[in-house]
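Below is a short briefing on a single predicted chain. Please read it alongside the sequence and the coordinates.

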Amino acid sequence: MEEKALEVYDVIRSIRDPEKPNTLEELDVVTEKCVEVRELGEEEYLIIIKFSPTVPHCSLATLIGLCLQVKLQRCLPFKHKLEIYISEGTHSTEEDRSWQRCFAGHKASERVKVGRSLETLMS
């Protein structure tokens, strides 16, 4: 599984931070240790990513999680399920630790804005 985890990390490490000119790797938002891969079945894997925002009050944690999801969906050559979390103790809103739950609570207009920002970041 370590080989798959390194493959996943190699895909996400170059994603740019939404507010800074640095990559998520350069800012220690993602590290090799934040990626876990488990085998679910033949040629199917569960990928668990726990990222750490740069500051506890990061307002773009949801966007970072979405960038991780889209990049992996576009780039990984193998069948997978994905779970993305904000690392425990790294964000001020502990109840929204899962970016997916946090993102679901946003208004439609905010989701559109996030989608447009995502297009810019991913291009």
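A search of the whole structure, which is a predicted model, finds one aromatic pair. Tyr45 and Phe78 form this pair, with 5.2 Å from centre to centre and 75° between the planes, an edge-to-face arrangement. Rings of Phe, Tyr and Trp (its six-membered ring) pair if their centres lie within 6.5 Å; planes under 30 degrees apart count as stacked, over 60 as edge-to-face and the rest as tilted.

Conventions

- Residues are numbered from 1 along each chain as its sequence is written.
- In this predicted model, local features need pLDDT of at least 70 and side-chain atom pairs count only at pLDDT 80 or more, while totals for chains, interfaces and linings use all residues; side-chain values use heavy atoms, with hydrogens and water left out.

Aromatic pair

- The pair links distant parts of the chain, 33 residues apart: Tyr45 is in strand E2 (residues 44-51), and Phe78 is in the loop between helix H2 (61-75) and strand E3 (79-86).
- Helices (H or I, at least four residues) and strands (E, at least two) are DSSP runs, numbered from the N terminus.
- Tyr45 is buried at a relative accessible area of 6%, and Phe78 is buried at 8%.
- Buried means under 20% relative accessible area, exposed over 50%, and partly exposed in between (1.4 Å probe, protein chains only).

Chain overview

- The chain has four helices and three strands, in the order α-β-β-α-β-α-α from the N terminus.
- Of its 123 residues, 41% count as buried.
- Among contacts (heavy atoms within 4.5 Å) between residues at least 6 apart in sequence, 60% join residues at least 24 apart.

Nonpolar core

- A nonpolar core is a set of buried Ala, Val, Leu, Ile, Met, Phe, Trp, Tyr and Cys residues joined through side-chain atoms within 4.5 Å.
- The largest such core has 28 residues, of which Val8, Ile12, Val30, Val35, Ile49, Phe51 and Leu68 touch the most other members.
- Helix H1 (2-12), strand E1 (35-41), E2, H2 and E3 each give two or more residues to this core, and H2 gives the most, with six.
- Not counting residues up to four places away in sequence, Ile12 touches Val30, Val35, Ile49, Leu68 and Leu72.
- Gly65 lies in helix H2 and is buried at 0% relative accessibility.
- The C-alpha atoms of Gly65 and Phe51 are 8.2 Å apart in space, for residues 14 apart in sequence.

Cavity

- The structure holds one cavity of 30 Å³ or more, and about 30 Å³ of space lies in the largest cavity.
- On a 1 Å grid over the protein atoms alone, a cavity is a set of points where a 1.4 Å probe fits but cannot get out; lining residues have an atom within 4 Å of a point.
- Grid points are joined across faces, edges and corners, and a volume is the space filled by probe spheres set on the points.
- The lining consists of Asp17, Pro18, Glu19, Lys20, Thr54, Cys58, Leu60 and Ile64.

Loop residues

- Thr23, in the loop between H1 and E1, is buried at 9% relative accessibility.
- Leaving aside neighbours within four places in sequence, Thr23 is in contact with Arg13, Ser14, Ile15, Arg16 and Asp17.
- Asp28, also in the loop between H1 and E1, is exposed at 53% relative accessibility.
- Asp28 has a positive phi of about 60° although it is not a glycine.
- Glu43, in the loop between E1 and E2, has a positive phi of about 60° and is not a glycine either.

Notes. 1 Å grid on protein atoms, 1.4 Å probe; cavity = no way out; pocket = protein on both sides within 12 Å on 5 of 7 lines; lining within 4 Å.
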